[in-house]
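Work through the exercises below with the sequence and the structure at hand. Try each task before reading its solution.

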Amino acid sequence: MNRIAHLAFSLSVAVALPVAALAQQHGAPPSRSEPPSRPAPAVRPAPAPVVRSAPSGANGGFNFNHDLGAHGGTPVHGSQPPGAGTTTARLPSQRRYTGPVVRNGHAPGNPWGWNHGVPWSPAPAYWGGGFWGPWAFAGLPTAVYFGAVPEAQIVYPSYQVESDSPGAELLQDYGLQQTPCGPPDLVVIWGPDNSVICAYPNNNVGPGNYSVDPETFSLVSAPPP
Amino acid sequence: MRRVRFTAVVCATLAALTASFALLPVAARADGVMRVQQSDGAVHVYHDVKIRLAGNTLWIHSGDRKGVLEVASGACSFVRDLQRCLPYATTLHQHGATRSIVLREGTVYLNLTGDVHHLPHSSQQLAPHALVLFLRTMHGTYVSVNGTLDEVSS
């Protein structure tokens, strides 16, 4: 039995030592056998050498000198220190109707059930907060324009819904097919951040204005005039 | 007697493997790789970055612990088993200063499960507790991050 115990101990040491060594190699502080001021290793592209000004990351850290510019980028005041917590998205400006709810028969009954129970919040800088797809405002010229809805002297543009987006899932749940906004008698769905898309009416959803309740993943119709 | 000895050897082997795997999480720490390609074509690759997820915000620490890139995301939804979020704000904490980097667009895929999953419309797989992040800044800098989440907090 002693031999077995000895064998077990030897085997443990034999297996654990290289792994521990590897762990030390990966987890070691930056001062391991190299000066701390050394910049990160650079991979140079094959074409002609790029003439570079002294990177801002020359004393370590990351090099974003092009984005930070001569003035060192936009200072952030009142920011949390690294690791202090999370950054909170701004509150969504969402149209909420109070008419009859057209129940989503495919969405789970629990709150945010359609999103694995995780509350969904809009991402600023994206059309519709990203509900209809990853269409950043800066990249909207590349998105497919899908008509517009004029209302109270404001024209709300619409874009094609991305197939993997929550908005596409919502349309699928109701059996709706998106169509460019503009013609009358369409289903007009107002999403987060005053985004709007349109669809052909069907047996489940009649023509008219609707808002999205993101928590229950259902459509709420506009109250009758 | 032979069966007892066999069982003892199996137990010993399992004990050895358990001892080695107990050290593996340490070995897997800070294995992230961040690639920054600026508009002039210059590319910097940073190894051993540490990746922390706090709520919907990613904190990416450089291997030398001198810089931290904070990436705030929203619109987190699920594409099958992977969580996809849209980054909307990036802040660099470095050399005692905090500077914002204006983003154009980006996407982050997180595998918060214990299984390997394919990225949508891609043959690339995402390991358990791993992420891929792609950013494009207003100045034309492309940033990608690959790695395993070192810390997750709500």
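**Exercise 1: a strand and its partners**

In E11(B), Thr148(B) is the bridge partner of Ala130(B). The model is a predicted one.

Task: Find how many bridges join strand E10 (residues 130–137) of chain B to E11(B), and in which direction the two strands run.

Solution. 
1. Seven bridges join E10(B) to E11(B), and the two run antiparallel.
2. E10(B) and E11(B) form a hairpin, with four residues between them.
3. In the turn, Gly140(B) has a positive phi of about 80 degrees.
4. Strand E1 (residues 32–37) of chain B is also joined to E11(B), by five bridges, and this pair runs antiparallel.
5. Within E11(B), Tyr142(B) stands opposite Gln37(B).

**Exercise 2: two faces**

Solution. 

**Exercise 3: a loop residue**

Task: Decide whether Arg95(A) is buried, exposed or partly exposed.

Solution. 
1. Arg95(A) lies in the loop between strand E2 (74–75) and strand E3 (101–102) of chain A.
2. Around Arg95(A) there are 18 other C-beta atoms within 10 Å.
3. A buried residue needs 20 or more, and an exposed one has 12 or fewer.
4. Arg95(A) is therefore partly exposed.
5. Apart from neighbours within four places in sequence, Arg95(A) is in contact with Trp190(A), Asn194(A) and Ser211(A).

Key. Residues are numbered from 1 along each chain as its sequence is written. Chains are lettered from A and ligands numbered from 1 in the order in which they are written. This is a predicted model: local features need pLDDT of at least 70, side-chain atom pairs count only at pLDDT 80 or more; totals for chains, interfaces and linings use all residues. Two strands pair if DSSP finds at least two bridges between them. Two residues are in contact if their C-beta atoms, placed from the backbone, lie within 7 Å.
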